[in-house]
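Here is a short briefing on a structure with its sequence. Read the points in order, and keep the view open beside you.

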Amino acid sequence: MADISAGTPAASSSDGPTNVDPSEGARQRTWSSADLAAGIIFVLLGLAFALGSLQYEMGTLLKMGPGYVPLSVGLVLCALGVGVIVKAFVGPDRTADLAGVSDPQGAPREFGRLQWRPTVLVLAAVLFFALTFEGLGLFLSVFGTSLLASYARPGTTAVQALAPAAGLTVASWLIFVLGLQQRLPLLGEWLGG
Amino acid sequence: MDLFDNLILGLTTAFQLKNLLFCLLGVALGTAVGVLPGIGPTATVAMLLPITFGFDEPVTAIIMLAGIYYGAQYGGSTTAILINLPGESSSAVTALDGHQLARQGKAGTALAIAALSSFAAGTVATVAIAVAAPPLTAVALKFGQAELFSVVVLGLIVSIALASGSPLKALAMIVLGILLSTVGRDGFTNTARFTFGIPDLDAGFNFVSVAVGLFGVAEILRNLHDPQHSGRIVGAIKGLWPGREDLRRSVAPATRGTVLGSILGVLPGGGHVLASFGSYALEKKVSRNPKEFGHGAIAGVAGPEAANNAAAQTSFIPLLTLGLPANGVMAMIAGALILQGIALGPSVIQDEPELVWGLIASMWIGNFLLVLLNLPLIGMWVKMLQVPYWVLFPAIVVFACIGCYSIRGNIYEVLGIVVFGLIGYLLIRAGCEPVPLLLGFVLGPFLEEYLRRALIISRGDPMTFLTRPISATLLGLALVALVIAVLPTIRRKREVVFAEEE
């Protein structure tokens, strides 16, 4: 993660001026921090899998071991990642509209600043569910998950967090337990359910 | 004559009251969930999939799943048109012109055109499947491991050539997807790979966690970034029915879209996504008034919607003939069928004629029910979109968690959402399309299996892929597709097709 955020402080400063006319914007960046970040992620994940696969038997072309495919695919991903890093400087992605269709005259695409609050809280909400669902059971776990998720949105009031949490607790019981007949723990193991 | 008998068998199966009811229920539920902002067909099917696990008849399960799929597709288009928030890249194209129409107060026209061209395309594609499935099955029976490997490669490469964005990044996303799919027990040696000794990970990450993480969570995070995206509701819809002129102008684009979509849908690998982009580009090229595109061109709604739906339907062909899921949704449907004890592959059409033809007939019925259900309900869907975002997104998070957990009663499926949500979010921010990753993840295990088997059969000679004629042809086509995608001049032209409207 450190590598990714390292690319972002510069990016955040150019969030605004991306629409500046290139001729007068002398400080306009010519490379894309989005491409750079993508390339780094690819290289890191490719390396992680390639290194991890070394502990498995390689085998031969005739009889491949469990490590053969992950090692080769991991190395291919590394190579592609290096390619994307080069592309960040040579032929960067341009700014894109909603459909992901890029504008050839646009500014190089930026990774932009990560917004920590929504990212951390939404992922924390899912993580909370994963860690407590079997322990606390459906009612408490859903209530907590919904609360955490609500606060991911900046400016959420207490009512805007509590009302959906209460409503969703009842709704998920109605839909999944009564309606769809799923066998879900209502009160978890930690509560003796 | 055979075709006629088969269709009769299919219709009698599909018209059984129980199957008809579950088809209707599937279409209704699929639309209801698919219309939620940020939830596309893949996530919808992922969430509603567990409903069918308890069914005793596989044909009922697949008919309902197909209904959910069509419903979700249509629901996604509704959201794309009304609030410019496509749940999946296939409906992103519909949003381009559909939302402009909605802003001009012609939302009713756009929604009706979308529904009608989908229905027309669905009808044609149903017939296409009925005609094409048996001969294609005959071809499929000739396929060895090498050919299967090459057809998967071709599908993956074509998805790069026609998708939007940088081909290099799309290729890297596919490779990353393949890599992530190696987590779990290796089918040949039974070695647990990358599981950190956790037995619950032996089966690998579930596809549903990947889909929900990539599309659901990442989409929520993206919307929280741009508050102006969420909750922007279009004013009242005036008049539902399109005028005679609008209908007349939709016929040709819808026809072209149907043909394009039916062909692309057969390819394993993102056919329905490519179909809508391809159709939009085509319509813009043949239009007498290309400047209109991006400012509310009817053809920009009718063509892609028809292509999208036709491809959604013909993407059942590789599943039914090769046992090969063409996209994420098909992978889930395949999973559900395997759970029901159905062995997928070229023999399924002989072994389970009732299942195959019942499904084909129910596709048409499903599309018909979709139009019947949705045209009167458009007013209600719009109300549903007025649910504020602060209610909507905790609901999406909670439902996604429960949905993933209930697949196997396994907490690691939910943890998978966190992992893939984070990876997906970062990569989407970095300008990578999530669809190729998903395709690589779905097709990766097949690729590895076919590769290893083909090499065992050829005694370790990798030239087997080039010396067998069908395999060599398929790989040659893949190479051509790759060259087209990468060639800068052609690429620039392709970008201009999309970008010149501004």
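**Two chains at a glance**

Buried residues account for 64% of the 502 residues in chain B. In chain A, 39% of the 193 residues count as buried. The model is predicted. The points below go from the chains to their contact, and then to single residues.

**Chain A**

- The secondary structure of chain A is seven helices and zero strands. Along the sequence the pattern reads α-α-α-α-α-α-α.
- Take the contacts in chain A between residues at least 6 apart in sequence. Of these, 61% join residues at least 24 apart.
- Helix α3(A) has 21 residues. From its first C-alpha to its last it reaches 30 Å, close to the 30 Å expected at 1.5 Å a residue.
- α3(A) is mostly covered, with 16 of its 21 residues buried.
- An unreviewed UniProt entry places the feature "transmembrane region" at residues 36–56, 68–90, 120–149 and 161–180 of chain A.

**Chain B**

- Chain B has 21 helices and two strands.
- Among contacts in chain B between residues at least 6 apart in sequence, 80% join residues at least 24 apart.
- Helix α7 of chain B covers residues 167–180, which makes 14 residues. It reaches 20 Å from first C-alpha to last, close to the 20 Å expected at 1.5 Å a residue.
- Why is α7(B) described as largely enclosed by the rest of the structure? Because 13 of its 14 residues are buried.

**Where the chains meet**

- The contact takes 69 residues from chain A and 68 residues from chain B.
- On the side of chain A that touches chain B, the elements giving two or more residues are α3 (33–53), α4 (68–90), α5 (116–136), α6 (138–150) and α7 (158–179) of chain A.
- The residues on that side of chain A divide into 43 nonpolar, 18 polar and eight charged.

**The largest nonpolar core**

- This core holds 221 residues. Which of them touch the most other members? They are A:V122, A:V126 and B:V397.
- Helix α5 (residues 89–142) of chain B gives the most to this core, with 24 residues.
- The core also draws at least three residues from each of domain 1 (2–90) and domain 2 (116–191) of chain A.
- Leaving out residues up to four places away in sequence, B:V397 touches A:V122, A:A125, A:V126, A:T145, A:A149 and B:I220.

**Two buried cysteines in chain B**

- B:C401 sits in helix α16 (residues 389–408) of chain B. It has 28 C-beta neighbours inside 10 Å, and 20 or more makes a residue buried, so B:C401 counts as buried.
- Beyond its neighbours within four places in sequence, B:C401 is in contact with A:V126, A:F129, A:T145 and B:V414.
- B:C401 and B:S209 are 192 residues apart along the chain, while their C-alpha atoms are separated by 9.0 Å.
- B:C432 lies in the loop between α17 (411–429) and α18 of chain B. With 28 C-beta neighbours inside 10 Å, B:C432 counts as buried.
- Not counting residues up to four places away in sequence, B:C432 touches A:A38, B:K169, B:M173 and B:L427.
- B:C432 and B:M173 are 259 residues apart in sequence, yet 7.4 Å apart in space, C-alpha to C-alpha.

- Most residues other than glycine have a negative phi.
- B:F194 is partly exposed, with 19 other C-beta atoms within 10 Å.
- Is B:R459 buried or exposed? It counts as exposed, with 9 C-beta neighbours inside 10 Å.

Technical notes: Residues numbered from 1 in each chain as written. Chains lettered and ligands numbered in written order. Predicted model: local features only at pLDDT ≥ 70, side-chain atom pairs only at ≥ 80, totals over all residues. Helix = DSSP H or I, 4+ residues; strand = E, 2+ residues; numbered from the N terminus. Buried ≥ 20, exposed ≤ 12 C-beta atoms within 10 Å, placed from the backbone. Contact = placed C-beta atoms within 7 Å. Nonpolar A, V, L, I, M, F, W, Y, C, P; charged D, E, K, R; others polar. UniProt positions renumbered as here; feature names shortened; annotations may be inferred. Expected span 1.5 Å × (residues − 1). Core = buried A, V, L, I, M, F, W, Y, C linked by C-beta atoms within 7 Å. Domains from an automatic or database assignment.
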